[in-house]
Amino acid sequence: MTETATTTAAADPVRIGIVSISDRASSGVYEDKGLPALQDWLTRALQNPIAFEPRLIPDETERISATLIELVDAGCSLVLTTGGTGPALRDVTPEATLAVAHKEMPGFGEQMRQISLAFVPTAILSRQVAVLRDKSLIINLPGQPKAIAETLEGLKNADGTQRINGIFAAVPYCIDLIGGPYLETHDAVCKAFRPKSAVRPSR
């Protein structure tokens, strides 16, 4: 099912896959909070018109890999997953993601763990990865809505200045480099970083 969020019409449209991976949520044991958290944050952060491709699936390696391939083939320039990145036996999201990768982007996982370590020492147990497949960037995010926002936005000082950069600041330029749409952010939520030569003139 595709859901559309209407924002600034002048910005490039973008298709984004959002995937919540949980045995219990996918079977209806409890309400999924991952998909609403991802959609809410992206809608606030991006000026682009967004077509969301949401998926709620169980912790099964082949199912996860197949879903990621499906979303890339459907034209998603960005695919964000949540859940299944810890050390538990059923946590297989990183393995399923790496299985469909054409290139690995280790900096994203390193920065997510650095951000989370500011809050909990168990952040070192997180195994999130990010990869490229064709012209798509796939990133594994934490499972909790609060942690999703923290890793995407980064950490700010009391006066609102940036203390630790979130990973999303690098996402728009990464997507530029792989031939995707030009993502424009709302700076109050997350300011995208691009080299001056890559910044599109304001309209």
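Before sorting any lining, I noted the classes: Ala, Val, Leu, Ile, Met, Phe, Trp, Tyr, Cys and Pro count as nonpolar, Asp, Glu, Lys and Arg as charged, and the others, Gly among them, as polar. This is a predicted model, where local features need pLDDT of at least 70, side-chain atom pairs count only at pLDDT 80 or more, and totals for chains, interfaces and linings use all residues. I number residues from 1 along each chain as its sequence is written, and side-chain values use heavy atoms, without hydrogens and water.

Pockets. I take a pocket as an open set of points on a 1 Å grid over the protein atoms alone, where a 1.4 Å probe fits, with protein on both sides within 12 Å along at least five of seven lines; lining residues have an atom within 4 Å of a point.

I looked up the largest pocket and found about 750 Å³ of space. Its lining has 35 residues, with Gly-83, Gly-84, Pro-142, Gly-143 and Gln-144 nearest the centre. I sorted that lining into twelve nonpolar, 14 polar and nine charged residues.

The second largest pocket came out at about 380 Å³. Of its 15 lining residues, Tyr-182, Asp-187, Ala-192, Arg-194 and Val-199 are closest to the centre. Here I counted six nonpolar, three polar and six charged residues.

I then checked contacts (heavy atoms within 4.5 Å). Ala-37, Leu-38, Trp-41 and Arg-44 in H2 meet Pro-145, Ile-148, Ala-149, Leu-152 and Glu-153 in H6. By class, I see seven nonpolar, no polar and two charged residues in this contact.

Notes
Points joined across faces, edges and corners; volume = space filled by probe spheres on them. Helix = DSSP H or I, 4+ residues; strand = E, 2+ residues; numbered from the N terminus.
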